[in-house]
Structures are given as C-alpha cells and as structure tokens.
Amino acid sequence: MTKQFFSQSQNVVIAVICLMSFLVSAAPASRRITIARVEPLFAAYVVNTLGDAADINVGDGRCDTDAGVDGDQCTLRGAIQEVNVGVTKEINFSLPPHSIITLDSALPDISGAISVVGPGSNTLTVQRNSAGGTPNFRIFTFVSNVAVNSTISGLTITNGRVADGGTSSDGQFGSNGVSGGGILNPTNETLTLIDLVVTGNRAGNGGAGTGFGGSGGTGGGILNSGKLVLMNSVVTNNRAGNGGAGGSGANGGNAGGVTGGSSLIIINSTISNNFAGDGGNAAPGAPGGPGGRGGGISGGGGVFTIVGSTISGNRSGKGGNGGGFSGAQGGDGGGILSQGPLNMVNSTVSNNITGDGGSGTRDGGLGGYGGAIYNQNFLNITNCTIAENQTQGFFPGLGGGIYNFTGGTVTLKNTLIANNTVPAGGNGPDLSGTYNSQDYNLIRNTSGATINGFTTHNVTGVNPQLGPLANNGGLTQTHGLLTGSPALDAANNASLPADEFDLDNDGNKAEPVPFDQRGATFSRVVNGTVDIGAVEGVTGSVPMQLLLDTSGPAANQVAALDSLIFFRDPFPVFNSGNFLNTSPDKNTRVIVFVRNLQLSTGEPASSVVVSLTDGNNQSSDIVAEDVRPCPSADFAQVTFRLPNSLPAGTYLLAVKWHAQLSNSGSIKIK
Ligand SMILES: [Ca+2]
Ligand SMILES: [Ca+2]
Ligand SMILES: [Ca+2]
Ligand SMILES: [Ca+2]
C-alpha cells in the first residue's frame with residue numbers, strides 16, 4: 001500500500017481488519033407492510049393477466065379477455081368492466097411479485113361500490129403507460145353522486161396525468177387544467193385507501209391566453225370532493241397544475257398531494273414531496289398568477305383528521321412573474337392549507353416550504369405564508385411535532401411553522417414547534433399570529449406570535465434536541481428526541497386525546513391514545529409522563545456520515561476499498577481503475593465506511609442501500625451485501641457489488657438506511 005486514503009492512518013488499519021473479516025451474508029426478504037384485508041361478500045374477480053385488454057363479453061359474470069385460450073385471462077380493465085355491471089364487487093390479483101399493470105388508455109369509470117384488494121403496494125403497480133403518444137388520463141375515476149363506499153388497497157398507482165387546459169378560439173382565455181392526477185373521489189362518495197402508494201401523478205396545467213391564463217388543476221395525487229380515508233398509505237411526488245400564462249397569469253393549482261373534500265381522515269400515512277402548481281407569468285404591466293396553496297394537502301372547508309402521520313417535504317407554488325413592479329404571491333401552506341376544522345394528533349409536519357414570490361420588473365413578490373400550515377379555521381394540535389419548515393420570498397412569508405389567519409383559532413397541547421425558519425427580514429419563525437395554548441408545549445421561538453390561554457408549563461426559548469426526520473420505527477418518518485431533550489416527560493397525560501380510531505384494536509375508543517406516532521409497540525406514555533411532541537422516549541439518532549477521503553484532490557471523494565484489487569492496487573481510490581467493472585472483476589465488491597450506522601440484532605444487511613447517481617442525475621439503488629461494525633471504531637463497513645451494467649464514469653455515492661440519507665461523495669467507476 002503506497003498511500004493512505006483516510007486522513008487518519010488508524011482508520012486504514014481498522015478498515016483492513018474489517019475487510020479481513022468480510023463475509024457474504026445471504027440476502028433476506030425486504031421489509032413488508034402488513035395490511036388489513038377486506039373480506040369478500042361474493043366471489044371476486046381475480047386479475048391474472050398483465051396488459052390492458054378489454055373483457056370480450058361484458059355482463060356474463062366472467063372476466064376473460066381472450067376467447068382463444070381456455071379459462072379466464074382477466075385484466076384489471078376487464079375486471080372493472082364486469083364489476084360495473086354485475087353483483088360481484090371485489091377484485092383480487094394473482095400475479096407474479098413486483099408486477100406492473102400498464103394502462104394504455106383510461107380504465108372505465110367506476111360506477112358503484114368496489115373493493116380492489118391488491119397484494120401490497122411494494123409488489124404491484126398500476127401505471128399509465130409512460131410511452132410517448134399515450135393519452136392523458138388518471139388511474140382511478142369514480143362516478144359522481146352514487147353515494148357508495150369503496151376500498152382500494154395494496155397497490156402503487158403512478159404516472160396518472162390529466163389534461164392541460166387549452167386556449168380559446170380567440171386566444172383570449174386559457175382554459176383550466178383538469179384536476180386529480182391519480183384518483184378522483186367525487187362528491188358523496190366514501191373511499192378508503194389502505195396500503196396505497198400514490199406517486200408521480202399530476203394535474204393539468206392551465207392554458208395560456210392573451211387576456212387571462214387558465215388555472216392549474218388541483219389535487220396532483222388525489223382530487224377528493226367526498227369522504228376519503230387514507231390509512232397506512234403514502235402520497236408522494238405528485239404535482240398540481242401550473243397556472244397558464246396570459247395578459248394576466250392564472251393561479252397555480254392547490255394541493256400537490258390531496259384535496260380535503262367534505263371529509264379527509266389520514267391515519268399512519270405519509271404525504272411527502274408533493275408540489276402545488278406555480279402561478280402563470282404575465283404580460284408587461286399585468287400581474288402574474290399566485291402560486292397554488294397547500295403543497296401537500298389543501299382543504300376546501302371540510303373536516304380533517306390527521307393521526308399518526310407525517311407531512312414532509314411538500315412545497316406550495318411559486319408566484320408567477322409579473323409584468324408590473326412585483327411578482328405574484330407565492331402559495332400559502334407549504335405542507336397544509338387548512339380551511340375547515342382540523343384535528344391533528346401524534347403527527348409530524350416537517351421540512352415543508354411555501355412558494356417563493358414571482359419576480360417583477362422592480363422586485364420579487366411576497367412569499368407564501370405558513371411553511372408547515374396556513375390556518376383559517378379551527379386547528380387543534382395535540383402531541384405533534386412541527387419542525388424544520390420554512391417560508392421564503394423577497395418579501396418573506398410570515399410563519400415558518402404555522403401562520404394563523406385573522407379569525408382562525410389554533411389550539412396547542414403537548415406540542416413541539418421548533419427549528420422552523422423565515423428568511424432574513426421575515427417574522428414569526430415558528431409561529432405567526434395568535435394562539436390558544438392549552439399548556440405543556442415546547443415552542444422554541446415565540447417571536448411573531450401572541451400566545452394566550454394556559455402557558456405555565458410551556459417550554460420556550462430552548463433547543464429541543466431533535467433528531468433528524470428519519471425512520472425511527474413504525475410506518476412513518478419522525479423526529480426522535482435526543483438524550484437530554486427538554487421535551488422528555490414534559491407534557492401532560494391528561495391532555496392526551498381519546499383513541500378515536502381504536503389504534504390498539506381493543507374496542508376501547510374512550511381511553512387515551514395508546515401509541516405515539518409510530519403506532520403499535522410504541523407506547524404513548526413512557527416513564528410515567530408523556531413527552532412533548534409526536535414521539536415518546538429517546539429515539540433520535542445522529543445522522544449517518546459517509547467517510548470521505550480528505551487526502552484526495554477534491555474534498556468529496558468517498559473513502560472506499562475494492563475488495564478484490566485492494567491487495568494489489570495502490571491507493572488513493574480516486575485513481576480511475578480502482579473500481580474496474582468488467583471481466584474478470586465483474587460485479588466488483590466495493591466497501592465504504594459509514595459513521596452512526598449500527599444494525600440492530602438480527603437486522604439484515606439489506607436494510608442498507610447504496611445509491612449511485614450518475615452525471616445525468618439517474619440513480620441506481622444497490623442493496624448492501626454485508627454490513628458490519630469495525631472493531632474499536634465508530635463506523636461500519638458497508639459492502640456492495642457494482643451492477644455489471646453500470647457505465648464507466650464519476651458517480652455520487654450516498655448510503656440510505658431507515659429512510660436516513662447520508663452525505664454523499666464522488667466515486668469513479670472505470
Ligand atoms: Ca365477461
Ligand atoms: Ca379465455
Ligand atoms: Ca415520557
Ligand atoms: Ca383502544
């Protein structure tokens with residue numbers, strides 16, 4: 001070995017010891033989410049055929065798409081066609097693991113009650129074909145006003161896309177984009193979604209017009225106008241439509257993720273990384289359109305309940321660029337726009353951001369208000385954590401955490417609000433407006449807020465010692481409390497709400513809620529007194545840190561070993577050729593080192609994933625082959641194999657574990 005690749009020689013010695021102890025471990029099964037199954041009332045149609053063929057004889061009570069082959073070749077399309085006309089209302093699936101049903105055109109609208117029982121969101125996907133020329137359509141559309149209860153479970157639905165607005169014949173007005181990219185649940189319908197992942201769907205953009213642009217469509221993931229229950233589900237990476245450009249630009253669509261309808265109940269679910277639509281740009285002298293509101297969720301005045309859920313990484317829309325002095329206002333409510341009564345319990349709102357103001361000929365527009373939540377009705381928050389949200393804008397939006405509009409009422413109990421920010425010159429980093437404290441809250445920064453009510457046991461002005469948003473157990477990401485957090489045992493047991501949804505399934509809905517946000521096995525009260533915030537006990541971990549080679553010519557090169565060439569090639573590792581990926585070193589094993597990564601007893605190496613991102617921002621996730629602590633060192637060695645199809649080049653490497661993402665560094669593959 002001619003050169004050290006760590007800045008500390010001790011680390012190299014330890015790494016060699018680790019390498020010598022390297023053993024390949026068997027790849028175990030991945031994590032699964034357990035779902036409640038809906039028992040059929042009648043026999044169910046069983047989808048056993050991929051593809052998108054239609055039923056050959058609708059109404060005969062058989063789902064068969066191929067008359068030339070014995071037996072029933074049943075597609076999802078065929079099953080829905082039969083359900084729509086017959087008495088059997090359940091659809092099951094018998095397909096290989098990790099199947100994808102690709103739709104070439106819209107499925108029939110669902111005209112009555114239906115129960116679609118998928119095998120699991122991690123193993124069956126229904127998608128709109130991503131090939132060019134595929135028409136725009138959403139995945140599931142329910143017919144209006146038939147007042148039925150339907151359930152869809154155990155699926156991922158993706159790439160729904162509804163139509164953009166056009167331009168009128170005289171070009172004067174753009175029409176509105178269509179709403180509801182993935183699912184439409186109309187007025188009077190009740191839809192329950194269990195273990196459903198709704199991802200990568202989008203509503204339509206508004207059309208352009210010389211007079212006025214059309215509005216962007218709302219509900220990038222789900223347009224709910226009726227009653228919607230989301231349980232054990234994920235709504236992520238969906239987009240509402242942008243407003244059309246015009247003489248005056250139009251507003252961007254609200255609700256990147258889901259709209260509220262008359263009722264929205266969210267239990268043990270995640271609404272993350274959704275985007276409301278941006279406002280349309282304007283012609284000279286005219287105003288741009290305001291950004292869409294409610295990056296994750298936007299309510300229209302119905303009743304909301306959020307229990308055991310995380311709203312994170314969502315963004316409301318950017319204001320359109322104005323042809324006048326100032327750009328338009330950014331959308332309010334980076335996470336949630338709350339316009340009806342909202343009860344929130346044991347939940348986390350984190351890392352959401354409001355839309356920036358548009359640019360103008362003189363200065364930028366006003367940023368959206370309420371990084372986490374914009375409230376204009378009754379908002380009751382109990383045992384929640386609202387952290388790391390922010391506003392932005394040339395004229396900064398108020399309320400990095402919550403903005404309470406005049407006349408709204410926000411009641412806070414046992415709740416932790418900290419580390420939210422507004423840009424320089426802004427006001428109310430954690431809270432803006434007037435608040436009704438029901439005591440035992442931790443509010444780090446009270447500037448910009450008027451706090452009335454009971455405040456004796458509130459904790460203010462201190463660092464809450466929060467861990468990063470991470471997988472601390474359960475179905476959703478949370479901010480754990482670090483050792484010494486002032487939130488520990490600092491809340492009030494008597495303020496715990498009733499177990500309205502009977503989370504422990506013991507038939508008792510009157511008892512205090514039994515679990516913290518993470519659900520079963522995570523008791524809400526540990527050490528006799530409930531903690532402030534969504535999570536009980538010391539659970540937070542310090543972030544994973546990928547070790548970098550600081551001796552190299554650049555600062556961010558990964559300290560890595562090739563398990564084969566290690567013994568015969570010189571270091572440092574940034575020399576191209578150390579990670580030769582062709583025969584005889586095909587599937588070369590590479591070892592990297594990560595601090596603050598320690599598998600639990602029995603936890604498989606496959607819970608660790610190495611992510612490689614190429615120069616075109618294309619990522620490959622590679623499940624680790626072996627993970628083990630290095631003796632006497634504070635880091636683990638992670639071994640993975642390069643895919644044999646990986647092109648040569650420089651990649652950014654990062655490690656994922658428990659939904660944590662490490663820092664990244666570069667690595668060269670020859
Ligand atoms: Ca048939
Ligand atoms: Ca047949
Ligand atoms: Ca406690
Ligand atoms: Ca109970």
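Strand β25, spanning residues 378-382, is mostly covered, with 4 of its 5 residues buried. The model is predicted. Two pairings of β25 are described here. Strand β22 (residues 342-345) runs parallel to β25, and 4 bridges join the two. Within this pairing, Leu342 has Leu379 of β25 as its bridge partner. Strand β28 (residues 409-413) also pairs with β25 in the parallel sense, over 5 bridges. Here Asn380 stands opposite Thr411 in β28.

Helix α2 covers residues 76-85. Of its 10 residues, 8 are buried, so the helix is largely enclosed by the rest of the structure. The buried set begins with Leu76, Arg77, Gly78 and Ala79, and continues with Ile80, Gln81, Glu82 and Val83. These buried residues pack against strands β1 (45-47) and β2 (90-93). They also pack against β3 (99-103) and β5 (124-128).

Confidence was examined next. The protein has a mean pLDDT of 88, and 88% of its residues reach 70 or more. Over residues 1-41, however, the pLDDT is below 50. This stretch still has 73 contacts in the model beyond near neighbours in sequence. Residues 580-585 also have a pLDDT below 50, with 11 contacts beyond near neighbours in sequence. Where pLDDT is low, predicted coordinates should not be read in detail.

Technical notes: Residues numbered from 1 in each chain as written. Chains lettered and ligands numbered in written order. Predicted model: local features only at pLDDT ≥ 70, side-chain atom pairs only at ≥ 80, totals over all residues. Buried ≥ 20, exposed ≤ 12 C-beta atoms within 10 Å, placed from the backbone. Contact = placed C-beta atoms within 7 Å. Pairing = 2+ DSSP bridges. pLDDT = per-residue confidence, 0-100.
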